[in-house]
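Here are my notes on the side-chain contacts, for someone opening this one up for a first look. Have the sequence and the model beside you as you read.

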Amino acid sequence: EEAKASRPAEELGDIFFKELARIAPHVTHLFKRPKRIQALQFINVVEMLLCFNEDPEQFFIDLKPLTIRHIKYGVKADYARAFGMTVLNGVTMVLGDKFDERNKRAWGRLWTRVSSCVTRALNVGSNLVIVSLVQDDIDNFIDAMDCVPRGERFETLTKIDVNGEAVSPLDWSIMGGQVTIAKWVIEDLLAIRADRNTYYYGRETMFGTHPGLVSKVCKQMPHLVGNVLDGLMWHASMVVDTRVRVNYYVRELYGVPEETEDTWTSALGELVQHGDPEIFNHPVIEMLLHMKWWRFGLFLYLAIQTWYTIMLGLFTYGFAQLSDDCTPLATIMRQTVGGMAAVTLAVQTAVVSGQMYRGQVSMYRVGNAKLRFPRFLANPWNAARFISSMMLIIVAFSEPCINGVLPEEEAGALTWHRIMVAATSLFMWVQFMQVLVLSNKLAAFVYSVGCMSTDIAINFTIILVMIVAFGTCLNILRQPGGYDDDIGTSMLNIVRIVAGGGGAGRSP
C-alpha cells in the first residue's frame, strides 16, 4: 500500500517491467500488450500475491483460470523464480529503507509458498498436447495424440484436465486461430474407426462437450464448416444398382425441441445467420432441410398460407367487388375478414410478446442507438403480415355503411377509408408472392426481386417526392384539369398521367 501511494500505478508497473527485462530478458517476448496495460497487470499480480496471505481459498479459485491463460501464453514453470526476484527488487527500489530485512523475509516466505503452487500448476498443465498447442506445432500434436490409447482419444481431444479446469484442445485451436490443428482435430473426431471390440466415432463426444461448436466454427473459421459436415456422412465403397448407400448423422444439427429453447441458437439457426450461403449446397444440409420440410415444414407453411389466402380472397371480393355494397352479405363478409385479421394479430402479438420476454431479439444499429426487434418482426414478410393485419382491422370495422345504406357523400368519393382499402389491397397482394416459393423458379425470382428491394425503394422514394413536388406546384398555380381542387387530387392526376391513364379532368 505504501508503494502504491508513493508512485502512480503506471510508474510502478514500468519499474517492475524494467527489472524483469534486466533479470530475465528471455521472457520479455511474452509481454506483447501496450506498456500501460502491461504495467497495470503487474500491479494486479502483486495484489494477487497478497490475496494468498489474506484469503487462500479465493486465491486458489483465481489461480485456475490464471494458470490456463499463462499456459496459452507459453509461460514455463522456471520463469516463476525470475518473476519473484523482480517483485522483491521492485518493491525494494520503490520503498528504499522502509523495506527492511523483516519485510524482505516475509515477502520471501510468501513468494516461496505462492511460487510452489504456481510452478506445480504449470508443470501439471504442460503435457505434450498442451505444449503442442502452445507452440502451434501440428507434427508434435499428432505425435502426442499417437501416444493416447484409442479409447481415450476423443476425451483427450475435447477435454483435458488442468488443475481441475477442463481445457478443450478443439476449442483452444478454434478460438486461437490455429487452423491446421483445428482441422486435424475435427477430422480425427469425425473419423469412423473400428477394432475387434467396438466402433469409434467421436460425433457425440464432440457435440456433447461443445454445444456451441457450429456457432464458433461459423464465426471463427467458416472455411472449416465443410469439414464438420463431411464428417457427418458416411458412404459405402461399393455401388449397387448404380447407387451408393449413404448414412447421415444429423441429430445435433436437426435439433431436439425439448433441448432447444431458442431455435435461432440451434445449430441450423447459426448456419442460417452466420454460415456461408454456399454451405447449403452440401449434401448433409440438403438432406437435413429435406427431412424438416417434408416432416412438418410443408404442412405448417401450407396451413399458414391457406389462412392468408382465404383472407385475401374474402378481402378482394368484399372490399373491391362489393366496395359500395351495403347489403347484409357484403357487410358480413367484410366483418369476417376483420375478425380473421383480429385473430391473426392476436396470435402474432402473443408470439412477439413471448420473444421479447425471453430475450429472443435481433439488434439493429441506427446511428449510435441500438434497437431491439423481436425475431418474428425481423423477418420482412412477418413484419408485413403484422402491419397488414392492423390495416385490415381498421378498414373492416370502420364501415362507411349506416343502417345498410351508403351515404351519398361516400359514393364514388376519394375518402380516407377508400384510400386505406386501396393501400391494404396493394400491401396484401404483394405479400401473396410468398406463396410462390413453393416453386423453385418462382422462389428464385422472388429472391432476386428481394435483393433489388433497396434500389426499388430508393427509386420509388424519388418518384414520390417528384409527384408531391409537382402536385403541390400545380395546385398552387390553380391549373385546370383537376389540379385546382386539392393537393391529393392533383397528385392523383399526375399518377394517372404517368401510368398512361390520362388526366381526370376537373372535378364537378
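1. Glu204 counts as exposed at 56% relative accessibility, while its salt-bridge partner Arg203 is buried at 10%. Buried here means under 20% relative accessible area, exposed over 50%, and partly exposed in between (1.4 Å probe, protein chains only). The closest N and O atoms of this pair are 3.7 Å apart.

2. A word on the source: this is a predicted model, where local features need pLDDT of at least 70 and side-chain atom pairs count only at pLDDT 80 or more, though totals for chains, interfaces and linings use all residues. Residues are numbered from 1 along each chain as its sequence is written, and side-chain values use heavy atoms, with hydrogens and water left out.

3. How many salt bridges are there? The count is 7, taking a side-chain nitrogen of Lys or Arg within 4 Å of a carboxyl oxygen of Asp or Glu. Among them is Arg153 with Asp188, at 2.8 Å from N to O. Arg153 is buried at 11%, and Asp188 is buried too, at 6%. Arg153, Asp188 and Arg193 are linked in a salt-bridge network.

4. Arg150 and Asp195 also meet in a salt bridge, 3.8 Å from N to O. Arg150 is partly exposed at 41%, as is Asp195 at 30%.

5. Now the rings. Lys292 lies over the face of Tyr254, 4.3 Å from the ring centre, and Arg385 does likewise over Tyr308, at 4.0 Å. The rule asks for NZ of Lys or CZ of Arg within 6 Å of the ring centre and within 35 degrees of the ring normal.
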